[in-house]
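Q: I am new to this structure and would like to be walked through it. Could we take it piece by piece?

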Amino acid sequence: MRCAAAAALPLLLLAGAGCDRPHDPGPAPPADLPADWLQPVVQQHLEAAARHGLAEATPAQLAEIAPWLEALGAGGRVAVAARRELEQRDPATLAAAALGLLEARETGAAARRAAAAWLEAHPLEAATPRLSLRLKYEKDGVAAVAVARALLRLRSGAGLEALAQVLAAEAGSDDAARAAAAAALHLLPPHPDWRPGADFQADWQHLQRVLAVWNRERRLASAPSDQPDPGDDVSAPALAAEVWRMIARLDSQPLRPVDDARFVLTRMRCGVLPLLCAAARDQSLYVREHALETIAWIGAPAGRYALRTGFDLNGFFGQALAEPRTRMQALEALGACGLQELAPLAAPWLRSTSTEEVTAAADALLRCAGVDAIAALDEALARPERLSDEAHYALSLLRAELQGTPAAARPTLAATEKERRDRWREQRRERPGAPVAEG
Amino acid sequence: MLAALGLLVLVLLLRPARSEPATSWISSRQCLECHPGVAAEWRESHHAFAYENPEVRQLSNDFRNEECLACHAPRPVLGFAPGERVLERASDRALGVDCLACHALPDAGVATGNPQPDASAPCRPRYEPRMRDVSHCASCHNQHGTVDQWRAAPEEFEGRKLKGDGCLHCHMPDAVRPDGAAGRDHRFRASHDLAQLQAAARIEGGWSAEGPWVSVTNFGAAHNFPTDERSRAADVQVRWRGAEGEPGPWQHVHRFRDPYRDEVDLTNTQLPAGQTWRRTLAAAPGARAGEARLLYRTNPFQADDEAREIGRVSLQP
C-alpha cells in the first residue's frame with residue numbers, strides 16, 4: 001500500500017497542478033498597501049486652498065476691466081488715467097481679471113494683448129500655472145511673447161520654447177512679436193560669456209543654453225547644477241492653491257481638462273513633484289493615474305530634483321507600487337525618473353503574473369537600471385514565453401547596453417514600439433547622475 | 001496500485017469545478033486563433049488600425065500627445081465604471097482597440113454580448129449586458145460627445161426609426177460569416193465607409209425663384225454629422241456652368257465641423273441628428289446651371305481628391 005501510495009504521489013501532484021494556470025511565474029513581489037493609503041487628497045487640499053489662489057473673475061468684471069486695460073496702450077493722458085485707476089485695485093483681483101480676459105475665446109486682439117502686457121508688468125506668482133496654460137492656446141504672437149516674458153519674471157522657463165519659436169520664424173511673419181521676443185532676452189539669467197543684445201547670434205545661443213538647462217532641470221539658470229535651488233519651490237500658499245486646482249482637473253471625464261493640467265504640470269518647476277506624489281494617493285483612480293503619468297512625463301528632471309533636494313522617491317515608489325490599479329503607471333514614472341537607485345524596486349515585477357506589469361517593469365528597467373539588474377534581467381529573459389514583445393525587446397536592449405550583447409526584436413513587435421524603446425536607450429545617457437558637459 | 005488509482009479518481013472528482021477560464025487571457029492574439037471569422041472582420045476595422053493609423057500618428061504627433069493613447073490602445077473597458085473613460089495599456093499597443101479591450105472582464109474572464117454564450121468554449125464566455133449598451137462604447141466615443149448626441153437625438157425621423165437600440169444598430173449589425181456562424185459584424189463600419197456615410201447624410205439642391213439652393217440633411221446618423229473627432233469635416237462645394245457648358249472650379253460653400261479649442265475664430269457647425277441645413281446660393285455671373293457636392297474629410301486638411309464624395313446634385317433653373 002505504501003508502495004502504491006508512493007507511486008500515486010506524482011499523479012496526485014500532477015492532478016493538483018492542473019488547478020493552477022499554466023506558466024506559474026513564481027513568487028509575486030511583496031505588495032502590502034497601507035490601509036490608509038488612499039485619501040481624499042485633492043479635496044483636502046482644495047478646501048485648504050480655498051482662501052488662497054486667484055478668484056474667478058465674473059463676466060461683468062471682465063467687461064468692466066477690458067477698456068481700462070486697452071486704454072493703457074492709447075498713450076498720453078488716457079493711459080496715465082487708466083494706469084492710476086488700475087493701480088488702485090487689488091493686484092490679485094486685477095491679475096485674475098486679466099487672466100480671465102486672456103483666456104476668454106471672445107476677447108479681441110487688443111484687449112488680449114493689453115491683458116497679457118498687464119500680467120507681464122505686474123507678475124503674480126499664483127498666475128504661473130494659468131499663464132503656462134495660455135501658451136498651449138494663444139494664437140496672437142505678441143500676447144504669447146508677453147506671457148512668456150511674464151513667466152520669465154516669475155522664474156519660470158515655460159515660455160522659453162515659445163520665445164525660441166517666435167525668434168526662429170521667418171522675418172516678416174510677425175515682426176512685432178519677433179521684436180518683443182528679442183527684447184525679452186535681457187530677462188534671461190546671466191552668463192559670463194554673454195552680453196544681452198550685443199549680437200543676435202550670441203543671444204540665440206544663450207537662449208538655447210538656458211532652454212537646455214530648463215529642459216534638463218526645470219530651473220531657470222544658464223548652467224547645470226546639482227545644488228538645491230530656491231527657485232524649485234512652489235509651496236507659497238497662493239501658488240500651491242493654483243497648482244492643486246490644476247491637479248484637480250486630472251479627475252475630469254472629458255480629456256481636455258486633463259490634458260491642460262498635464263501640459264501645465266510638466267512645465268512647472270520641479271517643486272510640483274511632492275504635490276504630484278501626494279496626489280498619487282488620491283481616492284480617484286484618475287487622479288492617481290494621471291499624477292503618476294505626469295511624473296513620468298516630467299521624467300529625468302524629477303529625478304534630478306530628488307537628487308538635489310533629497311526628496312525621497314525611493315520611499316514614495318516603494319509604497320506606490322503596492323497599489324495594484326496604478327502599478328503600471330508607477331513603474332512608468334519610476335523608470336522615467338532615470339534613477340538607478342530605484343531599479344531594485346522595479347525588478348521584482350518582472351515576475352508578476354500580469355503581462356502588463358511585466359512589460360511596464362521591463363520598460364522601467366530599460367530607462368533606469370544599471371549592472372545590478374543583470375540577475376533579474378537574465379532570469380526574465382530565460383523565460384521568454386512570459387514576456388510580451390515589448391518587454392522582451394526592452395530587456396534585450398538593456399542587456400545590450402549593460403553587457404554589449406546584440407539586441408534583437410521579435411518580428412511581431414510593432415516598429416513604433418521598437419522605436420520608442422530605442423529612444424529610451426538613447427536617453428539613458430541623459431539619466432540623472434550621468435556626467436554632462438555645460439551647454 | 002488499484003488503491004492509488006482509486007485515490008486519484010477520487011481526487012479528480014473532488015477537485016473544485018473549474019469556473020475560471022481554461023487559460024489566462026494575456027493577449028488578443030490568443031482570441032484570433034479560435035475566432036478566424038471575427039478576426040478577419042476586425043482586421044478590416046479601424047479598431048484594429050487605431051494605433052498604427054498614420055493619420056492618427058500625424059495628428060497626435062506620433063502619440064507624443066499621449067492623451068490619445070487611452071482610446072487608441074485601451075485597457076479593457078469593463079475594468080472601468082460604465083461610460084467612464086479608459087486608460088492606456090503597456091503592451092500589444094499595435095493591436096489598437098483589440099479583443100480584450102471590449103471583451104476582457106476584470107477577473108480575467110471573457111465577456112460576450114450573446115445572451116446564450118457557448119459555455120464549452122475554452123474562453124468560457126459570460127453574458128455581460130453592458131456589451132450591448134451605449135455606455136460600453138461611450139468610454140471612448142463620448143470624448144467628443146457622440147453618445148450624448150445620440151441620447152439627445154429624436155427617436156424617429158422621416159417616418160423611420162432613427163436611434164435604433166444603440167451603437168450596435170448601425171455599427172455592429174447582425175452578420176452571418178462564410179462558415180455559417182452568426183454574430184455581430186466586427187468591421188465597425190463608420191465614416192471610413194462610403195455606404196455608411198451615404199446612409200447618414202444626403203445632399204439636395206435645385207433652382208427656385210430665389211435662385212439656386214443646396215441643403216444637407218442628417219437623416220440617418222443618430223448623432224451629429226460629422227461627429228466624434230474634431231478632425232472630421234464635411235464640406236459643401238458648388239461649381240457653375242456657363243453658356244459653353246464647361247464647369248468652373250469647385251467653390252467652398254459650407255463646412256460642418258466641431259473645431260479644436262484653439263481655433264478661437266470658429267464655432268461648432270456639426271449637423272445634429274434629424275436636422276437640415278439649407279442655403280440659397282448666389283450663382284456666378286452668366287451661370288446657366290451648376291452642381292453641388294458633399295465631401296467628407298477624415299481631417300480638415302485633407303485634399304479634395306482624397307476626400308469621400310457622399311453625394312452630388314445638379315442645380316438647374
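A: A strand here is a DSSP run of E of at least two residues, numbered from the N terminus. Asp235(B), for instance, lies in strand 9 of chain B, residues 233-241. Please keep in mind that this is a predicted model.

Q: Is Asp235(B) buried or exposed?
A: Asp235(B) counts as buried, because its relative accessibility is 1% and the cut-off for buried is under 20%.

Q: And what does its side chain touch?
A: The side chain of Asp235(B) makes a polar contact with the side chain of Arg255(B), at 2.7 Å.

Q: How many bridges join strand 12 to strand 13?
A: Seven bridges join strand 12 (residues 289-297) of chain B to strand 13 of chain B, and the two run antiparallel. Within this region, Ala292(B) stands opposite Val313(B) of strand 13.

Q: What about the segment after strand 13; which residue is found there?
A: Pro317(B) is found in that segment, which follows strand 13 (308-315) of chain B. Pro317(B) is exposed, because its relative accessible area is 72% and exposed means over 50%. Its C-alpha atom is separated by 50 Å from that of Val97(B), a residue 220 places away along the chain.

Q: Which strands make up the open sheet of three?
A: That sheet has the order 7-8-11 in chain B, with antiparallel pairing. Its edge strands are strand 7 (201-208) and strand 11 (276-280), each pairing on one side only. Here the twist averages 15° from one strand to the next.

Q: How many bridges do strand 7 and strand 8 pair over?
A: Strand 7 and strand 8 (residues 211-218) of chain B pair over eight bridges, in the antiparallel sense. Trp207(B) stands opposite Pro212(B), which is in strand 8.

Q: Changing topic: how many helices and strands does chain A have?
A: The secondary structure of chain A comes to 23 helices and zero strands. Its C-alpha atoms fill a box of roughly 115 × 45 × 40 Å along the principal axes. Chain A has 439 residues, of which 52% count as buried.

Q: How many residues of helix 20 in chain A are buried?
A: Helix 20 of chain A is mostly covered, with 14 of its 14 residues buried. The helix runs over residues 355-368 and reaches 20 Å from its first C-alpha to its last, close to the 20 Å expected at 1.5 Å a residue.

Q: What caps its N-terminal end?
A: Ser354(A) caps the N-terminal end of helix 20: a side-chain oxygen lies 3.2 Å from the backbone nitrogen of Glu356(A).

Q: How many cavities of 30 Å³ or more does the structure hold?
A: The structure holds one cavity of that kind. The largest cavity has a volume of about 170 Å³. It is lined by 16 residues, and the closest to its centre are Glu332(A), Ala360(A), Asp363(A), Ala90(B) and Arg93(B).

Q: Which helices of chain A each supply at least two residues of that lining?
A: Helix 18 (327-337), helix 20 and helix 23 (415-427) of chain A each supply at least two residues of the lining of the largest cavity.

Definitions and conventions:
Residues are numbered from 1 along each chain as its sequence is written. Chains are lettered from A and ligands numbered from 1 in the order in which they are written. This is a predicted model: local features need pLDDT of at least 70, side-chain atom pairs count only at pLDDT 80 or more; totals for chains, interfaces and linings use all residues. Side-chain values use heavy atoms; hydrogens and water are left out. Two strands pair if DSSP finds at least two bridges between them. Helices (H or I, at least four residues) and strands (E, at least two) are DSSP runs, numbered from the N terminus. Axes are lines fitted to C-alpha atoms, for helices over the stretch in contact, and angles run from 0 to 180 degrees between N-to-C directions. The expected span of a helix is 1.5 Å times one less than its number of residues. Buried means under 20% relative accessible area, exposed over 50%, partly exposed in between (1.4 Å probe, protein chains only). A polar contact is a pair of N or O atoms within 3.5 Å; within protein, one must be able to donate a hydrogen and the other to accept it, and residues adjacent in sequence count only if both atoms are side-chain atoms. On a 1 Å grid over the protein atoms alone, a cavity is a set of points where a 1.4 Å probe fits but cannot get out, and a pocket is an open set with protein on both sides within 12 Å along at least five of seven lines; lining residues have an atom within 4 Å of a point. Grid points are joined across faces, edges and corners, and a volume is the space filled by probe spheres set on the points.
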